[in-house]
Amino acid sequence: MRIGLYPGTFDPVTMGHIDIIRRATVLVDRLVIGVAINRDKGPLFSLEERVSMIEAECTRISEETGCEIVAHPFENLLIDCARDVGARMIIRGLRAVADFEYEFQMVGMNRRLDDSIETVFLMAEAQHQAIASKLVKEIARLGGNVSKFVPPDVRSALREKLGTDC
């Protein structure tokens, strides 16, 4: 079984994340969405809320694609998480050149830690390349419409969390 790990904070999950998840399903039989706990980032949504949003969106994708998709919270090294879930592949989404510079360093370090786990980069579709969770939260906080950037259920969660009509 080909198992891939797509890690992130997913605070919140965006259409860019969904695009990468959907496209990753053709590469693997089982896709583990590694939801990083990452207390240093001070996420808007709790771990439980982020996992729930991922599970809701991934249930639909799994039904459409036939790929098993599971959410897996983690707080350890990414390479250790990959080992824990049996992944031989780490899937990373790229939006811009700035992403590549950071990811290039991460791949080098991860290869030194375990060279049997490959990293695969997927470019976000053009309409999703500018979407970043941080920007989505800022737009939502200021009452802007985020319907082009997040799934409807996530938009509702942002409205409830922030008390704005986003």
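1. The model is predicted; local features need pLDDT of at least 70, side-chain atom pairs count only at pLDDT 80 or more, and totals for chains, interfaces and linings use all residues. Residues are numbered from 1 along each chain as its sequence is written, and side-chain values use heavy atoms, with hydrogens and water left out.

2. Five strands form an open sheet with parallel pairing, in the order E3-E2-E1-E4-E5. Strands E3 (68-74) and E5 (118-123) are the edges, each pairing on one side only. Strands are DSSP runs of E with at least two residues, helices are runs of H or I with at least four, and both are numbered from the N terminus. Two strands pair if DSSP finds at least two bridges between them.

3. Six bridges join E1 (residues 3-8) to E2 (residues 30-36) in the parallel sense. Gly8 has Val35 in E2 as its bridge partner.

4. Helix H1 (residues 15-24) packs on the sheet and touches E1, E2, E3, E4 (89-94) and E5. Contact means heavy atoms within 4.5 Å. The direction of H1 makes about 120 degrees with that of E5. Angles run from 0 to 180 degrees between N-to-C directions, with axes fitted to C-alpha atoms, for helices over the stretch in contact. Helix H2 (residues 47-65) lies across E2 and E3, at about 170 degrees to E3.

5. Asp19 lies in helix H1. Not counting residues up to four places away in sequence, Asp19 touches Met123, Ala124, Glu125 and His128. A polar atom of the Asp19 side chain lies 2.9 Å from the backbone nitrogen of Glu125.

Note on methods. A polar contact is a pair of N or O atoms within 3.5 Å; within protein, one must be able to donate a hydrogen and the other to accept it, and residues adjacent in sequence count only if both atoms are side-chain atoms.
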